[in-house]
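Here is a set of questions and answers on how strands pair in one model. Please have the sequence and the coordinates open while reading.

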Amino acid sequence: MNWLKKSLRPCEEESAFTAPSSLDHEISQLTKIRSEPIEHLTTILNGEHKRPISTFHMLAAREGNYSGRGRFSSSDKCHVLSRYLPVNGPNIVDQMDSCAYVSQFSSDGSLLVAGSQGSEIRIYDVENRWKVHKDIRAKSFRWTITDTCLSPDQRYLVYSSMSPILHIVHIASTATESLANVTDIHDGLDLSGAGDDDYDMFGVFSVKFSGDGRELVASSNVKSIYIFDLEANKLALKIAAHEADVNSVCFADESGHLIYSGGDDGFCKVWDRRCLNFKDKPAGVLSGHLVGITYIDSRRDGRYFISNGKDQSIKLWDIRKMTSKHFRPKGSGNWDYRYMEYPKKLRDMKHPNDQSLATYKGHSVLRTLIRCHFSPEHSTGQKYIYTGSNDGGVYIYDLVTTALVAKVDHHKSTVRDCSWHPYYPTLISSSWDGQILRCEFPGNGETPPPLRRRTLF
């Protein structure tokens, strides 16, 4: 049982951080339902005490069939697994020749996609000792790979750069090397036909597949959102969405009706495709960030999402609080997050009309569009929020208390993206130092065995 004792150390370090008061909202209760033992089991093991139930007692209760079901519920599993944070390591997955910008697991965790500034995208077979499954050289490439996304069936990959053309690659082909129109066809999807004047300055920051894989949604530096119909092979809709660069966009849930966007104008906007009119009017606007938004991640329930902001904070949102009006606080002058430190005068400033549910601070959002995510539903009940940081770390926050519970600090430069395995305590980070690193639990200094898909508990 020594490995169990060691595993508790990362979570025990929570006491080193100051925990603010808990979030008093419906999402707090929803998170509790997903990530804590059922009430009957809690009462038996803890009585009136509110301390966390240890893994030992959870296993003993399962063996004794205290719940009456003879097995763990999904929330029981999350309670156990969420205690073991993937903070041990690091192990090097790869060393890119240029800044690493993107790193994301596939939905089943069998693949990892990583993209770099040097036009290279690599797909790793997670279950085969992280062997390179596909080595893709981007076509019509400008500046850097800004985003990638796997189709729901994991047969296709779409990638974007600072170009108006998206490209789709069939990744199920046998060849490892993927050279555009040599070993593979990289189908181009041109977004510039939507009437954008400055083709040479057009760049795509974000692209995502819909839940059914039939559409793509993308955002650009020309203030717009685009929906591309893959079956019809044409641009289906362009929305003049923001007053500045649209840095992030995503579907709210599997239905594809709702879309979230965030821009350099500092606003989060909700778009309902069922009632869009010709005036490009959003269903609602959410205000709270002082300056631009770098990334948005949906909880995939059509209600909650998080955003990373250049005001050095993550905010949690409930779209039921959105309004038709929005208020912009006084600007930050000529401050440019790419080259300058965050102004001291703004550090303690609060938005006078902040509609967010909670704010998470400690990480640094500078130099690039740093990304944040909800932790996996299967293993943690989305109990945590995690993000990259300009100081080379990955920060993990408790969603309900907003407390910083762990920091993974192994990179020498900015961490732009990070990804938590959907089923296992494994965390990937991609940095401007070119490294793709893997942290896991347990960590004993030895190379961990390859991951295998299997039923937990």
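**Strand pairing in two open sheets**

Q: In E18, which residue is the bridge partner of cysteine 268?
A: The model is a predicted one, and the pairing in question joins strand E17, residues 268-272, to E18 in the antiparallel sense over three bridges. Within that pairing, cysteine 268 has its bridge partner in E18, and the partner is leucine 286.

Q: What is the order of the strands in the open sheet that has E15 and E18 as its edge strands?
A: This open sheet has four strands with antiparallel pairing. Strand E15 (246-251) and strand E18 (284-286) are its edge strands, each pairing on one side only, and the twist from one strand to the next averages 20°. The order is E15-E16-E17-E18.

Q: Why is one side of strand E23 and of strand E26 left without a neighbour in the sheet?
A: Both strands belong to an open sheet of four strands, ordered E23-E24-E25-E26 with antiparallel pairing. Strand E23 (372-374) and strand E26 (404-409) stand at the edges of this sheet, so one side of each lacks a neighbour there, and the reason is that each has a single partner strand.

Q: By how many degrees are neighbouring strands of the sheet E23-E24-E25-E26 turned against each other on average?
A: The sheet is open and its pairing is antiparallel.

Q: Which residue in E24 is the bridge partner of phenylalanine 374?
A: E23 pairs with strand E24, residues 384-388, in the antiparallel sense, and three bridges make up this pairing. For phenylalanine 374, the bridge partner in E24 is isoleucine 385.

Terms used: Residues are numbered from 1 along each chain as its sequence is written. This is a predicted model: local features need pLDDT of at least 70, side-chain atom pairs count only at pLDDT 80 or more; totals for chains, interfaces and linings use all residues. Side-chain values use heavy atoms; hydrogens and water are left out. Two strands pair if DSSP finds at least two bridges between them. Axes are lines fitted to C-alpha atoms, for helices over the stretch in contact, and angles run from 0 to 180 degrees between N-to-C directions.
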